[in-house]
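Please consider the structure below.

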Amino acid sequence: MTTESKPARPAGTPAPSPATAAPGTTGPSLTARQEARRDRILRATTRLAARGGFEAVQMREVAEDAGVALGTLYRYFPSKIHLLVAVMHDQLDQLQATLRKRPPTGADPAERVAGTLLRAFRAMQRDPHLAEAMVRALTFADRSVSAEVDTVSRLTTTIVLDAMGLTGPPTPEQLSAVRVIEHTWHSALITWLSGRASIAQVKIDLATACRLIGPAAPATR
């Protein structure tokens, strides 16, 4: 894959700043009206990505679909990468809410984490164009999107730790295992989306990585 150039910001549109920007998961608190506008933007981005993947998400089309001015869109999200990383965070938020209503089952933490990731993977299978767009955005993200990518990573870690069902704080070894699991998850998505790995292989790889957690949660320290 080759890197994508960012679309030019419309002339006269100020560059986002911490005081004015409302990126996907960072920045100042939003008013109810701003939050509603942001949600419309993310829904429009999700629709476009679900129809045509990464290439279908163009800033002008997102603005038109969301019913906002192009300059307003750039004040919320400086690029399509920022947009799609925010969509990924939104999708993970929904997954976390679902998992808290219906926690994963399993005899031990490794089984529960594997079941959680497979549940997320099945959701990706239902929307492969959207999955491709989000994964490409994470792959192309540079330092300008590091804060947003970090929030996605932290949320992913939280979901995995919740699935483990620990009775105390995670050990350094467990946190290291979680990082390996997250890397495996991201790599598995890339190889599946590119047609280089079957669904069966993805399941095997995830189960193998999850076994790094160990058979049982530790006692409270």
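Q: What makes up the span of residues 58–77, and how far apart are its end C-alpha atoms?
A: Residues 58–77 are 75% helix and 0% strand, and the end C-alpha atoms lie 12 Å apart. Helices (H or I, at least four residues) and strands (E, at least two) are DSSP runs, numbered from the N terminus. This is a predicted model, in which local features need pLDDT of at least 70 and side-chain atom pairs count only at pLDDT 80 or more, while totals for chains, interfaces and linings use all residues. Residues are numbered from 1 along each chain as its sequence is written, and side-chain values use heavy atoms, with hydrogens and water left out.

Q: Why is Val178 called buried?
A: Buried means under 20% relative accessible area, exposed over 50%, and partly exposed in between (1.4 Å probe, protein chains only). Val178 has 1% relative accessibility, and therefore counts as buried. Val178 lies in helix 8 (residues 172–193).

Q: Which residues does Val178 touch, not counting residues up to four places away in sequence?
A: Contact means heavy atoms within 4.5 Å. On that basis Val178 touches Thr157, Val160, Leu161 and Met164.

Q: How do you know that the span of helix 8 agrees with its 22 residues?
A: The expected span of a helix is 1.5 Å times one less than its number of residues. For the 22 residues of helix 8 this should give 32 Å; the end C-alpha atoms are 32 Å apart, so the two agree.

Q: What do the buried residues of helix 8 pack against?
A: They pack against helix 5 (109–126), helix 6 (128–140), helix 7 (146–164) and helix 9 (199–210).
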